[in-house]
Amino acid sequence: MLISKDVVKRYMSKVAVSGISMQMEEGKIYALLGPNGSGKTTWMKMVAGLIKPTIGTITYNGKSIGVESKKRIAYMSTEPFFYDYMTVYDVGRYYEDFFEDFDIEKYQQLLAKMDLSLKDKAKNLSSGLAAKLKIAATLARKAEVYLLDEPLNGIDIIARDHIMNAILEVANEKTTIVISSHLVDELEKIIDNAIFMKNGTLVLNGDAETIRKEHQKSIVDLYKEIYAHG
Amino acid sequence: MLKLIKYELRKQWFSKLFILIVMGILELTFLFGLLREDTEALGISMGIMVLVAFTAIMFVSFECIMTYSKDLKTKQSYMLFLTPNSTYKIVGAKVITSVAQIGFTAVFMASIIFINMTIVVLRYQNIEEMIKTIQITMKNVMGLDVDYGLILIGLISFLLEWISKVIMGILAITLSATFLSNTKGKGIVSLIIFFTLNYMVGRIGKLFMLESMPLFDLFMIDAIFMAFVIAAFYLATAWMLDKKVSV
């Protein structure tokens, strides 16, 4: 179980994340929702071990984020991050070298679905193809937790179906999937829980179906309501 | 850690290839001069080789620092910090790679120059006599018994001092990216810290080296002290990243 307890992250005078406390169970898909600057990416990066919280703790299966959690948590950032010299093949080899749960055959299958060639240079890919490469590398891992930050950004409408299917393929009773996206209508179809963030704080967090019943509206409509007034 | 080292070397392979090509061209010029008995070509190629040697060592050193800086300040840092490796392993790989690259470049350059000098000495007896004259003069006038052992330990000491500066630079960059990340003017502050550390290391080092000591012993102590300094700065860098990583 992934537990975030009273997590705060400050940068100089700006508070990116404030008092985030939540638990994420295995076997569920969570939508992490909010506009740009709401703290979603900052929180995800703390879970991935890329930044340290200013205050608070994040634990996975009772242990602090660190070497052991990184073996089990797969993070996909919004930005491209592969080394300039790398080809698509090199990216696969890199992941294979460092992540025991990386499945090279699955990586190649995902590449084929996304029309990516092993010879393509990562830095020369268009934004859409670069996004697909990130997804392929991340979902080719047999991780216990997947943190997908805007996985559908820059992806054409046809490829989105491939990606949503790929996400559903890794979903099982043992995995936790956290997806942040502005394409809330795409997510609504597949999520178990919805987490709404605004200005670094939690606004609403709960079971998606319960939220719909309580508020008498879809997650999409609720999103518009919460964030429409800034 | 070997895998981390492998990828560190891959990031910086192009510059090594470039240096190799330049040295290759110079060596060909040297061999051409040797075959044609063109002492001018010999002299020019040897002179440029020495210049290239120093430049290459400096370039490789700065490249190590710049690569590290890029790794901390760009999104490519994710490639390292998402992997299930401790910061001690990540920084350790960088330090080992830096030491290895700088050391290998220095040894490679020194070996080529030494071999070429030996060839020239064997070929031109008057140069051998000139070198002997220089050695005798240094012994009589400066009290320096210059032999290959002294030159070797002197070079090792110089190399380790240089490497310690590189690791100090890495430490300063880490400080700027971690504990000083929320500080205004962090670049200037970390630069001041770099120069302060440099000064302090120099002062502490002098405590162990007495003027009455033979030159060989001075170089040996300096080399050992610098090895400790490198280890200490590595641990400090890894500790800072472990506590305050923010990429």
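Student: How many salt bridges does the rule find across the interface of domain 1 of chain B and domain 2 of chain B?

Tutor: The rule finds 0 there. A salt bridge is a side-chain nitrogen of Lys or Arg within 4 Å of a carboxyl oxygen of Asp or Glu. This is a predicted model: local features need pLDDT of at least 70, side-chain atom pairs count only at pLDDT 80 or more, and totals for chains, interfaces and linings use all residues. Side-chain values use heavy atoms, without hydrogens and water, residues are numbered from 1 along each chain as its sequence is written, and chains are lettered from A and ligands numbered from 1 in the order written.

Student: Where do the two domains of chain B run?

Tutor: Domain 1 covers 1–143 and domain 2 covers 147–247; such bounds come from an automatic or database domain assignment. Their C-alpha centres lie 21 Å apart. The contact (heavy atoms within 4.5 Å) takes 22 residues from domain 1 of chain B and 20 from domain 2 of chain B.

Student: How do I read the area buried between these domains?

Tutor: The size of an interface is often given as the accessible area lost when the parts come together. Buried area here is what two parts lose on being put together, with a 1.4 Å probe, summed over both. Between domain 1 and domain 2 of chain B about 2100 Å² is buried, and carbon and sulfur atoms give 84% of this area. On the domain 1 side, Y68(B), L72(B) and Y88(B) lose the most, together 27% of what that side buries.

Student: What do chain A and chain B bury between them?

Tutor: About 2800 Å², with 61% of it on carbon and sulfur atoms. L50(A), Y83(A) and F98(A) supply 24% of the area that chain A buries against chain B, more than any other three residues. Each chain brings 29 residues to the contact. The count of salt bridges between the chains is 4. D84(A) and K70(B) meet in a salt bridge through their side chains, at 3.4 Å, N to O.

Student: How many cavities of 30 Å³ or more does the structure hold?

Tutor: Rolling a probe the size of a water molecule over the atoms shows where empty space is left. On a 1 Å grid over the protein atoms alone, a cavity is a set of points where a 1.4 Å probe fits but cannot get out; a pocket is an open set with protein on both sides within 12 Å along at least five of seven lines; lining residues have an atom within 4 Å of a point. The structure holds 3 such cavities.

Student: Which residues line the second largest cavity?

Tutor: Among them are E8(B), Q12(B), Y68(B), K94(B) and I170(B). This cavity has about 50 Å³ of space.

Student: Why does the second largest pocket lie between domain 1 and domain 2 of chain B?

Tutor: Both domains give residues to its lining, so the pocket lies between them. About 400 Å³ of space lies in this pocket. Its lining has 22 residues, and K52(A), S64(A), I65(A), G66(A) and D242(B) lie nearest the centre.

Definitions and conventions: Grid points are joined across faces, edges and corners, and a volume is the space filled by probe spheres set on the points.
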